[in-house]
Amino acid sequence: MFENYQFKTERNAQWERIEVSEREDGRAEVYNQKDKAFFYNGFDETDWRKVEPHHVGNLALYPKKTIAGWKDYFSYFKDKPLKPYQVTDLQQALLEGRVGEYAHPQDDAYYVWNFWGDTWLPDSIIDIEIPIKEPIVPLDASFAYSCAMRNLTSWLKDTGNNSVGSYLEYLPRFMDAMPPLLDARLFDFKNYKIRQTLSPELPVRIGPAKSRMKQLIRNAHGLIDPADKKRDYKVTVAKNFFDVFDAHSDKLGEDFPRFIAEALEEE
């Protein structure tokens, strides 16, 4: 699907949205102009960005959008290798669709596909020439799942049609291998504190993860605002992913059938 891929994002329109967002956030005009120069031209000899190789926001603005272009970006930081947590931050941004501000979701799918393929697998290691301090290790399934679901459900719940889509529309088999590997606490009925995570080493917040699955369940069963212009299409996409988890319900803990029932009963 992504061999010889042609990017869908219109760059001038993308910059206009970024510029509006930056000004609404109160970003100083001098930095806005520096961002614009970087967005269209990349690095200059004195660019302050050269000290922040891990900054996903910089990578999102970089004008060379292909994987080869990313290798060019990281080539500026051969003497500043990324720490393990920075590599994890990059992978999280990829799976949450945050590597291109106001980009077309199929462009985000291009990056995810290049790093993980059509389907995420438990031993998948992203393959890119970046300076690193330690070998890259595979992501935990629950972490990868949480990131992907955040991207998907953010689009599903956007009844105002402000979101242009989810990269998972273009990778319908991406989560096929995840269900048997997920921590069952993401689907049980215990009460967790609002910021409680699976573990200090695995910072997946249990409460939000539960809410996203409940939303997917409801959307897959047609419970989407009728005013949503993409309602029928969203139901189809949601059902595709819910069916993957429903087929492995026996692996998701003894509470999962009840979890589904509760999601459908909620107003």
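Visitor: Which residues is Met175 in contact with, leaving aside its neighbours within four places in sequence?

Guide: Met175 touches Tyr145, Ala148, Met149, Leu152, Leu168, Phe241, Val244 and Phe245, where contact means heavy atoms within 4.5 Å. This is a predicted model, in which local features need pLDDT of at least 70, side-chain atom pairs count only at pLDDT 80 or more, and totals for chains, interfaces and linings use all residues. Residues are numbered from 1 along each chain as its sequence is written, and side-chain values use heavy atoms, with hydrogens and water left out.

Visitor: Why is Trp155 called buried?

Guide: Buried means under 20% relative accessible area, exposed over 50%, and partly exposed in between (1.4 Å probe, protein chains only). Trp155 has 1% relative accessibility, so Trp155 counts as buried.

Visitor: What does Tyr233 count as?

Guide: Tyr233 has 39% relative accessibility and therefore counts as partly exposed.

Visitor: What makes Trp155 and Tyr233 an aromatic pair that is edge-to-face?

Guide: Rings of Phe, Tyr and Trp (its six-membered ring) pair if their centres lie within 6.5 Å; planes under 30 degrees apart count as stacked, over 60 as edge-to-face and the rest as tilted. For Trp155 and Tyr233 the centres are 5.9 Å apart and the planes stand at 65 degrees, hence edge-to-face.

Visitor: How do you know that the charged end of Arg11 sits over the ring of Phe39?

Guide: A charge sits over a ring if NZ of Lys or CZ of Arg is within 6 Å of the ring centre and within 35 degrees of the ring normal. The charged end of Arg11 sits over the ring of Phe39, 3.6 Å from its centre. Likewise, the charged end of Arg258 sits over the ring of Phe189, at 3.8 Å from its centre.
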